[in-house]
Amino acid sequence: MLGRLLLLVIALVLAAAVFLVGRYAIDKATRRDTSDRPPPWRDLNVLSLAAQVVALGLIVTVGAWLWSNFRDRTDAIGLELTFDFLDQPSGISIADNPLSSDAGIRDALQQGVKNTFLIILLGIPLSVLFGTLIGIARLSTNWLLRKLATAYVEFFRNIPPLLVIVFLWGAVFLNFPIGASPTAEAAWRPLGGWFIFSNSRFAFPSIIGLDNFGLYQLLIAASVVASVGVWVWRTRVFNNTGVPHRRALWSLATLVVLGAAFFFALGGPFEFSKTTVEDRVWSGGFRMQMPYAAVMSALVIYTASHISEIVRGSILAVHRGQVEASHALALNGLQRYRFVVLPQAFRIAFPPLINQFLNYTKNSSLAVAIGFAELTSITNNLFGNSQPAPQLTLILMAVYLFFSLVLSAMGNLVNRRLQLKGA
Amino acid sequence: MTSVADSDPFVRNKARDAEGLPPSNRLSAGEWAKKNLLNNWYNSLITVVVACGMAFAVVRTLGWLFSSDFLIIRRNLAVFMVGQFPRDELWRTWASGYLLMGAFGVGSGVLWRSAQADAEEKGLPTEPHSWPDLLRRFWAIIAVLVFFVSFARTAPPFVGLASAFAVFWISRESGRRFSAAARARGLFFAGLLGLLSLLVLAGSGGLVALTVGGLVGAWTLSEVRRYVDDYVVGRGAASPEVLGQPQRDQRWRLPDLFKRPAWATWASRAAAVVVGAGVWFGLRAIDWGGYGWEDWGGLHLTLFVTVIGISAGLPVGILLALGRQSDLPVIKGASVIFIEFVRGVPLISLLLFSWFMLPLLFPIDLDIPGKLTRAMIVITAFSAAYIAEIVRGGLQSVPRGQVEAAQASGMSAGRIQRLIVLPQALRAVIPAMVGQFISLFKDTSLLAIIGLLDFLRASAVANAQTEFLGQGLVTVTYPFVALGYWAFAYTMSKESRRVEERLGVGVR
């Protein structure tokens, strides 16, 4: 089939060539005026068409060849090219997850996508925050801080992210106090056991709703609206009279006072839940799996070193006159950064930041090295359970491609809003 | 007694200098600390906090350094460097290392010489190559070596490294003897040495002998042509010197002024083919022994995969970049789809593809190549996509007038790209390319995930030996590996910044 297709293409190309050259020869022979039409081997239209036909033919031929190889091989090992396997039991169990190994592959993959998303969701804001702080520290007037930040950046930029992950996991987090013992007494429990740091989980307090919790949430939402109103009111007062606005203080106080008032009025609509460990079963509170913490903190540490370079460069790229003007207005260091330098630097930094977000997303797949159950790791396990590789690879790549495209589309959208109009 | 110098304002007077000149910029230690550490309340606070933190970190690091047992590294040096390479054939790796050092030496000597000639011609300051300067440039690698020799306490690798460095230095000095005009010859020679190192290591199977044959053939071609041009074509006619053509650039010397006779062209080509094929078959006839790259490992494998990824990815990447710039929709579309697809998925997913999927794409009657070969195919595609984007940036930086001028002087499209656009574009992206090299060097650590024994996984292998099992010695091996990666990548990035400054990219 492949050979026949190839022959057809060659025949068509030959026919076209014969036609063009023949027409040119006839024109010449009959002394017709050909000054408006160059010979076909010099005609740009013909040449570009020919190049594209050849390129397309090449691509199609190679593609068809690979496809026929693929079919031969899959037929030989009896591989079905359907997605029916998604309903079979996955045979893998995920830590801290109710999904049992009987659950379908589809559910396992969904869980993987969710976990990948969790790494991205928490990690990107953290690395921006951390990276910005380090970028500012690199420009500090404090010599010690500046050198420390430089050493940090030069070290972490120049080692593989995978190494940071396995090091944090193998040499730091696994050396935390043992948490899997029956009583987990060895684990480090600061603040009266509200926090637990052990080598299997980190636990933090969480909130459990009691009676009237739904109503309380509504009232809190109303309080947030009220505190935003206070913020706007203080800003307006400041703009009209010049009285110091202290809007952050005012709105925070509004929120706390209202929240406390409603709390007591509703007779305690929620309570804090403490994590307890009994017979190796962890319950209550908010529990973070160790691999998750390891992957995320390692990626934040690594990405922050790249982001700090971007932030530093953009701060330096803000026009000198802006800084001098803010000095002339007697703004202090914090105000200078908050109101003059950072807003402008952020505009410059945003496009390269999108790139870092994409890198972060792709690097989240490194969690496979320490077995955190995100998408790549689960896919890898499924490969190990001899599930069909072609379909799984397709799903894996499609999901990451989707994440990348969505992130860069969102980034470009924000970037368009950020950039100066007409600039 | 007063002299003329005291009254004359235009004669230098030390005593007056001391009074009249502005105060010196040098600060005393106290003043410096006040200015740089304690200039306001929050900086003082930061200083105290950071100093306490650093003191703690230094104490902990020193504690780690002197309490840890580095036996695991001493025992497993070979694993870290060459993986599972057969132990009774380790001389091959040493010999190959020396040859490679020779290749680097000759190459860098020749490049130094031509950079020197270039700088002299343009009247630029030539680069000093003093010892303190070299120390400053390569302190990271030197520091890691010193650290490793003093704590792993093994003499043989140190002796080996010292002798490898001596080979490097000697060949560098001999590389400088090549005149700037013979630069191509010198680089050919360096390339041959490099291939020879591969030959010793891996034997003549597969592509190595073919590449050596091809290189020798190309060398023969250029030498025969030079001979013909100098002694057959040039004789009797005006010699290039008379015409005032600079002799060091061979390309412009002859083609348009003299016609090389057809028999000479064909004779040189025939000579090249005969010599090249002779070398190829000769090399294949000898049994060199050796082990192919599927048996390699450790730092050696990491560096090899990086070099192959970049050098094989470069031509593909350039083609992709040109394709992306093309006006032809089919070619442009195919390039864009390939580039964006590869850049949009993580390298791991590509490596998993190479592990599980790529075997299914080979013809059914063909033996499936090894895991490393498949990984290298994927890594080449990966780096090609990234290089394509870098090269695209370079292509866009070439002023439009250059292309228009070339078109006006009647050059063909191919010649415009080859002789006008690409040289300028590639020169502009050298620093970005080094950045890509570093990033690929770091990315090769992912080979560990698909179970290849690279520099990173050597650590896991060492920790799995019964002697060291379950003792938590990753706290020793991972820092060692990290320092190894860091020393290479840090030195390369510093060098690329230096090149960037020298090229003046971004300044003009």
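**Around one helix, and beyond**

Visitor: How many of the eleven residues of helix α17 (residues 347-357) of chain B are buried?
Guide: This is a predicted model, where local features need pLDDT of at least 70, side-chain atom pairs count only at pLDDT 80 or more, and totals for chains, interfaces and linings use all residues. Residues are numbered from 1 along each chain as its sequence is written, while chains are lettered from A and ligands numbered from 1 in the order in which they are written. Buried means 20 or more other C-beta atoms within 10 Å of a residue's own, exposed means 12 or fewer, and partly exposed is in between, with C-beta atoms placed from the backbone. Helix α17 of chain B is largely enclosed by the rest of the structure, because the number of its eleven residues that are buried is nine.

Visitor: At what angle do α12(A) and α17(B) pack?
Guide: Two packed helices are described by the angle between their axes and the distance between the axes. Axes are lines fitted to C-alpha atoms, for helices over the stretch in contact, and angles run from 0 to 180 degrees between N-to-C directions. For α12(A) and α17(B) the axes are 10 Å apart, and the angle is about 170 degrees.

Visitor: Which label does that give α12(A) relative to α17(B)?
Guide: Under 35 degrees counts as roughly parallel, over 145 as roughly antiparallel, 65 to 115 as roughly perpendicular, and the rest as oblique. So α12(A) and α17(B) are roughly antiparallel.

Visitor: Which residues of α17(B) make the contact?
Guide: Two residues are in contact if their C-beta atoms, placed from the backbone, lie within 7 Å. On the α12(A) side the contact uses Ala389(A), Pro390(A), Thr393(A), Leu396(A), Met397(A) and Tyr400(A). By class, the residues of this helix pair come out as nine nonpolar, two polar and no charged; nonpolar covers Ala, Val, Leu, Ile, Met, Phe, Trp, Tyr, Cys and Pro, charged covers Asp, Glu, Lys and Arg, and polar the others, Gly among them. From α17(B) the contact takes Ser349(B), Leu352(B), Phe353(B), Phe356(B) and Met357(B).

Visitor: Zooming out, which helix gives the largest share of the side of chain B that touches chain A?
Guide: Chain B puts 44 residues into the contact and chain A puts in 48 residues. Helices α4 (41-67), α16 (329-344), α17 and α23 (474-503) of chain B each supply at least two residues of the chain B side. That side has 33 nonpolar, ten polar and one charged residues. Its largest share, ten residues, comes from α23(B).

Visitor: Which residues have the most contacts inside the largest nonpolar core?
Guide: A nonpolar core is a set of buried Ala, Val, Leu, Ile, Met, Phe, Trp, Tyr and Cys residues joined through C-beta atoms within 7 Å. The largest one has 136 residues, and its largest share, 15 residues, comes from α18(B). The residues with the most contacts inside it are Leu163(A), Ile165(A), Val295(A) and Leu351(B).

Visitor: Leaving aside neighbours within four places in sequence, what is Leu351(B) in contact with?
Guide: Leu351(B) is one of the buried residues of α17(B). With those sequence neighbours set aside, its partners are Ala375(B), Val378(B), Leu446(B), Ile449(B) and Ile450(B).

Visitor: Over in chain A, how far apart in space are Ile395(A) and Leu109(A)?
Guide: Ile395(A) is found in helix α12 of chain A. Ile395(A) counts as buried because 20 other C-beta atoms lie within 10 Å. Although Ile395(A) and Leu109(A) are 286 residues apart in sequence, their C-alpha to C-alpha distance is 9.2 Å.

Visitor: Is Arg246(A) buried or exposed?
Guide: Arg246(A) is found in the loop between α6 (213-241) and α7 (247-265) of chain A. Its phi is positive, about 45 degrees, although it is not a glycine. Since Arg246(A) has 12 C-beta neighbours inside 10 Å, the label is exposed.

Definitions and conventions
Helix = DSSP H or I, 4+ residues; strand = E, 2+ residues; numbered from the N terminus.
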